[in-house]
Amino acid sequence: MSWLPTLIKACYFVAALLFILGLKRMSSPRTARGGIVWAGFGMLLAVLATFFLPDMHHLPLIAAAVLIGVGAAWWSGRRVAMTAMPQMVALYNGMGGGAAAAIGAVELIGYVRKLALLHPAGIPDTSPLRPESWAVNALAPVQAVAVLSPVELVLGVLGALIGAVSFSGSLIAFAKLQGWLDKRFVFPGQRAVNMLLLAAAVVAGIALASGHAGLGLIVAFFALALLFGLMMTLPIGGADMPVVISLYNAFTGLAVAFEGFVLGNEAMIIAGTVVGAAGTLLTQLMAKAMNRSIGNVLFGSFGAAGGEAQAIEGAQKPIEASDAAVMMAYAERVVIVPGYGMAVAQAQHKVWEFAQLLIKRGVKVKFAIHPVAGRMPGHMNVLLAEAGVPYDLIADMDDINPEFPTTDVALVIGANDVVNPLAKTDPASPIYGMPILDVSNAKHVIVVKRGKGTGFAGIENALFYADNARMLYGDGQAAAGQLVTELKSLDS
């Protein structure tokens with residue numbers, strides 16, 4: 001069937017178009033759901049076409065793996081809570097990087113064994129590279145493995161390195177977001193240790209790419225890459241987690257694209273390039289929102305304070321739900337600022353119900369979203385969309401900040417670091433220089449918070465002690481429910 005390769009390439013081309021169009025539609029909340037479906041159909045088409053490649057082996061095992069993966073993803077996707085979506089994204093992203101690293105490992109092992117087949121002289125009798133040991137190799141028939149060209153070898157090593165770093169780093173990010181690890185793990189000289197690990201992995205990679213291949217070197221290379229990804233992520237503080245997630249997303253895309261070139265698979269090249277480019281752009285946007293350079297994100301000490309933080313004077317002043325409801329009921333403009341606390345409490349529906357009641361009373365209501373609010377880019381947008389908040393009521397930081405001085409009440413529910421004035425006033429603060437939502441410029445601020453503790457980054461918030469701020473203590477959903485009840489009582 002001489003037409004089959006052409007048909008497979010055509011399927012890959014259509015899949016690539018669906019990937020790109022799907023990503024384009026994901027750029028707008030109004031079309032994002034459709035974009036995900038388009039990209040999903042593209043992936044389905046690419047997977048089905050791959051089964052018909054003429055040099056495919058172990059098809060039953062591949063089919064079984066696909067079915068297990070699809071079943072696990074379907075089950076977990078249906079059951080995962082919206083608050084756990086960031087760690088799910090980190091986990092799935094790590095799986096992509098791990099898959100790319102595994103492809104690189106198989107290619108490198110096959111390359112080493114192929115060289116041994118071509119040049120068997122001098123190989124010890126006990127070496128696993130001896131041709132007679134290949135019978136127990138379940139990876140692939142070694143005769144089917146081509147000797148990689150220098151370019152393919154370099155890209156294969158690069159893809160394996162980046163994929164391994166993304167895999168182990170994403171798993172640590174998942175564990176942090178899941179609450180299984182401390183928020184930060186630091187020790188003296190950590191940056192130097194990380195750089196040495198990276199340098200050692202690069203040296204091992206250069207040796208592999210230069211043709212000095214051996215199983216021991218391959219094992220050492222992957223061990224160093226995995227360890228570097230782990231050590232790179234351990235010191236990261238919560239305030240930087242959105243940047244890290246998008247960074248590893250870019251890593252995974254690049255790794256897939258490099259391995260796709262080695263395999264000569266157009267779908268992997270295009271899909272990986274698209275994901276890598278999108279992740280890189282998103283990382284730049286997140287870094288800008290955190291007032292960090294990409295170099296600082298890659299090699300800086302994430303979330304580390306620069307000295308003794310300035311003391312905060314005053315006391316937090318509580319307010320009752322009834323008084324807060326009256327204050328907002330008779331306001332002209334109200335801006336609601338959601339954060340991760342709203343996600344934890346699953347309060348988005350009650351918050352939107354309260355906003356609708358205000359709108360019916362003639363109050364102008366908007367929602368303000370910081371670029372790194374929550375635990376991943378777009379986290380708050382997803383929550384508000386789930387609750388049914390119209391997109392034209394949601395404003396980003398640059399658009400809403402000039403409106404705070406004319407805002408009567410700013411209602412902060414579950415947000416902390418993204419509204420902390422210390423980012424502008426305290427050079428010793430870990431978040432100093434990070435652009436924030438200028439909530440403190442509103443005439444009145446009401447903060448819904450479970451207690452008097454610090455936020456995810458472990459930083460005290462000066463906003464809570466401001467003269468114009470009042471604290472409504474309690475669970476986000478319970479507090480929003482009280483506000484709804486009190487507001488309804490005003491009309492009864």
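Start by selecting His-58, which is partly exposed because its relative accessible area is 37% (buried means under 20%, exposed over 50%, and partly exposed in between, with a 1.4 Å probe and protein chains only). Before going on, note that this is a predicted model, where local features need pLDDT of at least 70 and side-chain atom pairs count only at pLDDT 80 or more, while totals for chains, interfaces and linings use all residues. Residues are numbered from 1 along each chain as its sequence is written, and side-chain values use heavy atoms, leaving out hydrogens and water.

Stay with His-58 for a moment. You will find His-58 in the loop between helix H2 (32-50) and helix H3 (59-79); helices (H or I, at least four residues) and strands (E, at least two) are DSSP runs, numbered from the N terminus. His-58 is not a glycine, yet its phi is positive, about 55°.

Now jump to Gln-346, in the loop between helix H12 (340-345) and H13. Here too is a residue other than glycine with a positive phi, near 55°. Gln-346 counts as partly exposed, because its relative accessibility is 32%.

Next, colour helix H13 (residues 348-360) and helix H17 (residues 476-491). Two packed helices are described by the angle between their axes and the distance between the axes. For H13 and H17, the angle is about 25° and the axes are 8 Å apart; axes are lines fitted to C-alpha atoms, for helices over the stretch in contact, and angles run from 0 to 180 degrees between N-to-C directions. H13 and H17 are therefore roughly parallel to each other (angles under 35 degrees count as roughly parallel, over 145 as roughly antiparallel, 65 to 115 as roughly perpendicular and the rest as oblique). To see the contact (heavy atoms within 4.5 Å), show side chains including Phe-354 and Leu-357 of H13 and Val-484 and Leu-487 of H17.

Your next stop is His-370, in the loop between strand S2 (364-369) and helix H14 (379-387). Is His-370 buried or exposed? His-370 counts as buried, because its relative accessibility is 2%. Leaving aside neighbours within four places in sequence, His-370 is in contact with residues including Ala-289, Met-397 and Val-418.

Finally, select Phe-221 and Phe-222, both buried. Their ring centres are 5.2 Å apart and their planes are at 75°, so the pair is edge-to-face; rings of Phe, Tyr and Trp (its six-membered ring) pair if their centres lie within 6.5 Å, and planes under 30 degrees apart count as stacked, over 60 as edge-to-face and the rest as tilted.
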